[in-house]
Amino acid sequence: MQFKKNIFAAALFAFAAAAQADTVIFSQDYSAQGPINTWVAQQNNFVSAATQATLNFQIRGFNSLDGDNYYIDIFNLHLNGAKIFSGTWNLGGGGLDRVFTSPTGATVQHTGQLVTISLPVQLQAGANNITYSYDSPSSFEGQQRYGWQDLNDEGWQLGAVSVTTAVPEAEQSALILGGLGMLALFARRRKANVVQA
Ligand SMILES: [Ca+2]
Ligand SMILES: [Ca+2]
C-alpha cells in the first residue's frame, strides 16, 4: 500500500515539474485600484537574472476612454526607456482599434472595456523598469487630436501584471528524470523491504 502511495507521489512530482514551464519573476495586481487619469503613468521596477521573458498585463477603460477618434488616447509601453508597444482601442469612448508599435509574437485581445496583452520582452540582467502611460497628442497624423479628459469622462487601470520566463527544456527534462529517479528509488526500497520481511 505504501509503495503505491510513493509511486503516486513520484508520478505527481514528475508531472508537476513538467507542467511548471514558466517561472514568474515579477507580478503585481492592480485590480483593487480605481481608475486613474490618463496623464498618470504606472511603473514596475524589478530585478531579473533572465533576459528573455514574457510580459502579460491588461488595460481596463472606464467611462469613455477613447480609441482612434478626435479625442484619441494612445497607450504606450516603455521598457528601460525604449518604446516597445503602443496602441489605441475603443474602451468606451468610440474610435478605432489600432496597434502602432509591437514586438513580433505579441498577442492583443480586446473584449468590451478590457485589453489583454502578452509581449515577448528582452530584459536587462539586473534592474528593469517598465512604464505604462497614455498620451493624447496635440498633433497626430496631421490633426489636432489633443484631449486630456478627467475622471468624470474617462480613466484607465492596469490589470494583473506578470513577467515570466520559460524554464529551458533541458531543465524540464532534468526535473522529469528526477521524478523517474524517485520512482526507481521507491521501487528499490520496496524490494529491500520485501527481502527484510
Ligand atoms: Ca473620452
Ligand atoms: Ca480622451
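Reader: What share of the 197 residues in the chain is buried?
Author: Buried residues make up 21% of them. Keep in mind that this is a predicted model.

Reader: Okay. How many helices and strands are there?
Author: The chain has 2 helices and 11 strands.

Reader: In what order do they come along the sequence?
Author: The pattern reads α-β-β-β-β-β-β-β-β-β-β-β-α.

Reader: Let's talk pairing. Which way do β3 and β8 run, parallel or antiparallel?
Author: Antiparallel, with 9 bridges joining them.

Reader: What does β3 do with β10 and β11?
Author: β3 pairs with β10, residues 154–158, over 5 bridges in the antiparallel sense. There, F62 has G155 as its bridge partner. With β11, residues 161–166, β3 forms 3 bridges, also antiparallel. N56 is partnered by S162 in that strand.

Reader: Switching to β4. How many bridges join β4 to β5?
Author: 5 bridges join them, and the strands run antiparallel. β4 covers residues 74–79 and β5 covers residues 82–88. L77 has F85 as its bridge partner in β5.

Reader: What sits between those two strands?
Author: The hairpin has 2 residues between the strands. N80 takes a positive phi near 50° in this hairpin.

Reader: Which strand is joined to β5 by 3 bridges?
Author: That is β6, residues 98–101, running antiparallel to β5. T88 finds its bridge partner in R98 of β6.

Reader: New topic, the core. How many residues are in the largest nonpolar core?
Author: It has 24 residues. Those with the most contacts inside it are A53, L55, L77, L119, V121 and I130.

Reader: Which elements give two or more residues to that core?
Author: They are β3, β4, β8 and β9. β3 spans 52–63, β8 spans 114–122 and β9 spans 126–135.

Reader: Pick I130. What does I130 touch, leaving out residues up to four places away in sequence?
Author: I130 touches Q43, N44, L55, L77 and L79. Two of these, L55 and L77, are also listed with I130 among the residues with the most contacts inside the core.

Reader: Back to strands. Where do side chains point along a regular one?
Author: In a regular strand they alternate between the two faces of the sheet.

Key
Residues are numbered from 1 along each chain as its sequence is written. Chains are lettered from A and ligands numbered from 1 in the order in which they are written. This is a predicted model: local features need pLDDT of at least 70, side-chain atom pairs count only at pLDDT 80 or more; totals for chains, interfaces and linings use all residues. Two strands pair if DSSP finds at least two bridges between them. Helices (H or I, at least four residues) and strands (E, at least two) are DSSP runs, numbered from the N terminus. A nonpolar core is a set of buried Ala, Val, Leu, Ile, Met, Phe, Trp, Tyr and Cys residues joined through C-beta atoms within 7 Å. A residue is buried if 20 or more other C-beta atoms lie within 10 Å of its own, exposed if 12 or fewer, and partly exposed in between; C-beta atoms are placed from the backbone. Two residues are in contact if their C-beta atoms, placed from the backbone, lie within 7 Å.
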